[in-house]
2 protein chains.
Amino acid sequence: MTKARVTVIDIAKAAGVSKSTVSLVLQGSSLVNEATRAKVNAVMRELGYVYNRGAANLRQAGAKSRIVGVVVNDLTNSFFAELAVGVDMVVQSAGFVQFLSNTGESIDRQREVVASMREHGISGLIVSPARATDAADFKPLVAAGIPVVVVVRNLPGAKVSSIVSDNRAGMMSAVKHLVGLGHKRIAFLGGFPDTAVFDDRLAGYRSGVETAGLDYHEELVIASAPSRAGGVEAIGKAIALTRRPTAAVCFNDAVAFGVCDGLRARRLEPGADFAVVGFDDVIEAQAAVPALTTVSVDPQGIGRRGAQMLLKQINAGKAEAETVTTAVRLVVRESCGAGKTAPARIGKSVKSKQDAE
Amino acid sequence: MTKARVTVIDIAKAAGVSKSTVSLVLQGSSLVNEATRAKVNAVMRELGYVYNRGAANLRQAGAKSRIVGVVVNDLTNSFFAELAVGVDMVVQSAGFVQFLSNTGESIDRQREVVASMREHGISGLIVSPARATDAADFKPLVAAGIPVVVVVRNLPGAKVSSIVSDNRAGMMSAVKHLVGLGHKRIAFLGGFPDTAVFDDRLAGYRSGVETAGLDYHEELVIASAPSRAGGVEAIGKAIALTRRPTAAVCFNDAVAFGVCDGLRARRLEPGADFAVVGFDDVIEAQAAVPALTTVSVDPQGIGRRGAQMLLKQINAGKAEAETVTTAVRLVVRESCGAGKTAPARIGKSVKSKQDAE
DNA sequence: TTAAATATTTGGAACGTTCCAATTCTGTCA
DNA sequence: TGACAGAATTGGAACGTTCCAAATATTTAA
């Protein structure tokens with residue numbers, strides 16, 4: 001096959017009009033006669049024309065590329081995968097496409113992918129920054145007039161829009177719930193202490209404890225990697241305390257699962273013998289045994305919301321940074337020992353994900 | 001500040017050379033004098049130049065866009081998220097970027113995103129097709145000389161490269177393992193019967209059963225949605241059989257988890273009272289209680305491998321379709337009732353070529 | 001010192017689109 | 001019929017790069 005690309009000029013020739021007219025048709029302009037439009041469209045279909053956005057983009061100086069960059073720090077974590085899906089939904093239905101990259105918490109990689117995205121002319125960027133990201137890293141972007149929305153982790157000092165969940169309020173309500181169940185010694189387990197999210201959640205824990213009239217004890221705050229393994233480690237330390245806690249709020253669900261593992265390894269049943277509350281409400285939380293009581297943050301919603309925010313700024317031409325914190329909701333299930341004593345809801349499916357291959 | 005975009009011409013002017021020279025520097029050509037190169041680079045940094053790949057791409061007629069499209073059917077499923085991460089790794093380190101989109105099993109959406117990617121000039125596509133994808137859907141792409149690699153689900157009839165895991169061998173070894181533990185009635189649970197993957201796995205089950213000298217009974221094959229809920233449903237039917245099985249191989253891990261739930265609801269302990277084997281080895285498999293014996297397929301590895309294949313084809317200019325099935329490995333944990341045994345490696349990587357077109 | 005060889009540099013002419021200003025059609029109204 | 005307003009259409013000239021052929025600078029060999 002002679003594979004020369006079909007261009008707008010070929011179409012024009014074949015349809016007996018000028019390239020300008022074809023271009024007008026492409027843009028859905030109302031200036032062109034209905035008959036001509038139909039004809040042109042027919043020819044396009046016939047010749048198998050595919051629009052060259054690169055060329056168009058070149059002419060339309062700047063912000064019209066219809067590409068948004070999405071950068072996440074860990075796609076392997078279903079929280080962020082959900083987030084990406086949320087972004088994709090709105091971005092896609094707005095006729096944009098998403099450039100998605102995973103940094104795996106590497107700021108070098110992050111720098112690379114952002115640079116690359118820029119070269120490709122993204123018209124906006126949504127980023128869940130890698131740990132220890134320098135706020136100045138996004139300076140050039142905003143200087144170039146490219147809207148940036150930071151999600152999940154905020155970047156103090158950066159002049160960009162951001163959308164984070166209400167970590168403080170979430171932790172407070174978790175603590176309050178446990179206090180309501182009669183717990184007096186509640187631990188805070190997991191998470192890296194050098195992150196803004198950790199600070200927020202810890203602050204929520206602290207004020208939850210204090211507004212309940214309990215004392216805040218440093219020994220009850222046990223940091224660890226925000227992972228399942230970290231949870232196992234943290235609960236180990238917690239149980240070794242001379243005055244051991246009877247409940248824990250965890251930095252996130254992964255930690256909470258690890259805590260459950262660690263409890264069981266010591267013949268303690270999560271929920272019955274020790275109350276556990278997570279944070280995030282990842283998909284597995286409701287299907288786990290026992291089902292995890294956790295603070296639901298709806299990552300997909302954040303993704304959608306962030307995308308909307310970004311699109312708004314893109315369309316507005318110029319972006320003013322706005323910050324929104326999204327509400328958060330405690331979902332009471334079994335791992336805190338409250339409510340349902342019914343062991344498992346079998347048969348009726350818990351919003352099962354179709355894992356299909 | 002945010003004036004006009006800095007172009008290669010600005011650089012040229014500022015550095016006192018011609019735009020051609022700057023272009024040469026950009027491409028790392030060895031033709032340019034070391035001193036000049038340094039100077040040009042300095043000026044670029046100083047003026048904050050950003051390369052315009054769109055423009056470059058326009059000139060370099062066709063395949064040099066350095067974008068690969070990645071389309072998955074369900075990013076929410078960690079199996080596919082892992083896959084995407086694998087792709088991203090190799091794609092990124094080869095200096096490409098990935099366009100990632102999620103179809104959520106919708107073939108319309110799939111068509112849209114593929115079209116969009118094409119307009120953006122991807123130089124290759126990796127796709128895990130939505131269910132019921134028509135093999136002809138990718139015809140135009142390959143006709144245009146854009147390499148396509150299909151992963152996870154194969155697309156019989158499409159003249160594209162593909163890489164799938166060795167479903168047959170995996171199931172066979174699962175069955176063999178159960179037989180070795182003394183089981184005589186082994187069920188096959190879960191999965192939609194109208195998919196190629198189901199066929200392969202069922203075939204593996206059947207030949208596993210038969211090579212063990214047992215009879216193949218249709219009643220022991222119980223299809224269901226490939227989800228946790230589906231697993232609950234399937235095990236329910238299995239247990240209702242007059243001659244009830246003592247073990248089951250499951251279509252995938254989600255089904256296996258459901259089966260465990262269902263067993264427990266009937267006061268049967270998975271592992272002890274009934275052996276369960278999954279397929280996929282999702283992340284949760286090893287942390288579950290009991291830890292799931294399953295066939296490990298390493299989605300990230302598939303992603304990496306698929307990306308390598310694609311890049312090879314992109315670089316080769318013209319692509320001949322090749323099909324590889326990746327080896328798969330039974331991971332023995334607790335849910336089958338066996339002790340810890342050294343994992344057996346099964347299946348071998350097979351490679352076969354056929355001419356594209 | 002000069003010719004030949006080698007190392008560098010350089011103006012256009014593309015690439016496929018959009019935009020602008022200008023042109024050609026229609027029909028309508030005196 | 002002529003003039004005039006809209007409605008449709010149309011040729012360039014961009015956009016920011018790369019490529020080519022050709023020009024210029026620098027060495028080397030004789």
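## Salt bridges within the chains

At 37% relative accessibility, B:Arg206 counts as partly exposed; here buried means under 20% relative accessible area, exposed over 50%, and partly exposed in between (1.4 Å probe, protein chains only). B:Glu210, at 38% relative accessibility, is likewise partly exposed. These residues, B:Glu210 and B:Arg206, form a salt bridge whose closest N and O atoms are 3.1 Å apart. The term salt bridge denotes a side-chain nitrogen of Lys or Arg within 4 Å of a carboxyl oxygen of Asp or Glu. Both B:Glu210 and B:Arg206 belong to helix 9 (residues 196-211) of chain B, where they are 4 residues apart, about one turn of the helix. Helices (H or I, at least four residues) and strands (E, at least two) are DSSP runs, numbered from the N terminus. Side chains of opposite charge can pair when their charged atoms come close.

This is a predicted model, in which local features need pLDDT of at least 70 and side-chain atom pairs count only at pLDDT 80 or more, while totals for chains, interfaces and linings use all residues. Residues are numbered from 1 along each chain as its sequence is written, chains are lettered from A and ligands numbered from 1 in the order in which they are written, and side-chain values use heavy atoms, with hydrogens and water left out.

Over all chains, a search of the whole structure finds 26 salt bridges. One of them pairs A:Arg185 with A:Glu219, with 2.8 Å between the closest N and O atoms. This pair links distant parts of the chain, 34 residues apart: A:Arg185 is in the loop between helix 8 (167-180) and strand 6 (186-189) of chain A, and A:Glu219 is in the loop between helix 9 (196-211) and strand 7 (221-222) of chain A. A:Arg185 is buried, with a relative accessible area of 10%, whereas A:Glu219 is partly exposed at 40%.

In chain B, the side chains of B:Glu269 and B:Arg264 also meet in a salt bridge (3.6 Å, N to O). B:Glu269 is partly exposed at 33% relative accessibility, and B:Arg264 is partly exposed with a relative accessible area of 27%. In chain A, salt bridges that share partners join A:Asp108, A:Arg111 and A:Asp137 into one network.

## The interface of chains A and B

Contact between the protein chains, meaning heavy atoms within 4.5 Å, involves 50 residues of chain A and 63 residues of chain B. The two chains bury about 4,900 Å² between them, with 54% of it on carbon and sulfur atoms. Buried area is the accessible area (1.4 Å probe) that two parts lose on being put together, summed over both.

Between chain A and chain B there are 2 salt bridges. A:Arg53 forms a salt bridge with B:Glu119, the closest N and O atoms being 2.5 Å apart. The elements that each supply at least two residues of the side of chain A that touches chain B include helix 4, strand 2 (97-102) and helix 6 (107-119) of chain A. Helix 5 of chain A gives the most to this side, with 7 residues. The residues of the side of chain A that touches chain B divide into 21 nonpolar, 14 polar and 15 charged. In this division, Ala, Val, Leu, Ile, Met, Phe, Trp, Tyr, Cys and Pro count as nonpolar, Asp, Glu, Lys and Arg as charged, and the others, Gly among them, as polar.

## DNA strand C

DNA strand C is surrounded by 27 residues, the closest being A:Val8, A:Ser23, A:Tyr49, B:Thr36 and B:Arg59; a residue is near a strand if one of its heavy atoms lies within 4 Å of it. Sugar and phosphate make up 62% of the atoms of DNA strand C that come within 4 Å of the protein.

A backbone N or O atom of A:Val8 lies 2.6 Å from a phosphate oxygen of DNA strand C.

## DNA strand D

Around DNA strand D there are 27 residues, of which A:Ser18, A:Arg59, B:Val8, B:Ser23 and B:Tyr49 come nearest. A polar side-chain atom of A:Ser20 lies 2.8 Å from a base oxygen of DNA strand D. An N or O atom in the side chain of B:Tyr51 is 2.8 Å from a phosphate oxygen of DNA strand D.

Notes:
Polar contact = N/O pair within 3.5 Å; in protein donor to acceptor, adjacent residues only side chain to side chain.
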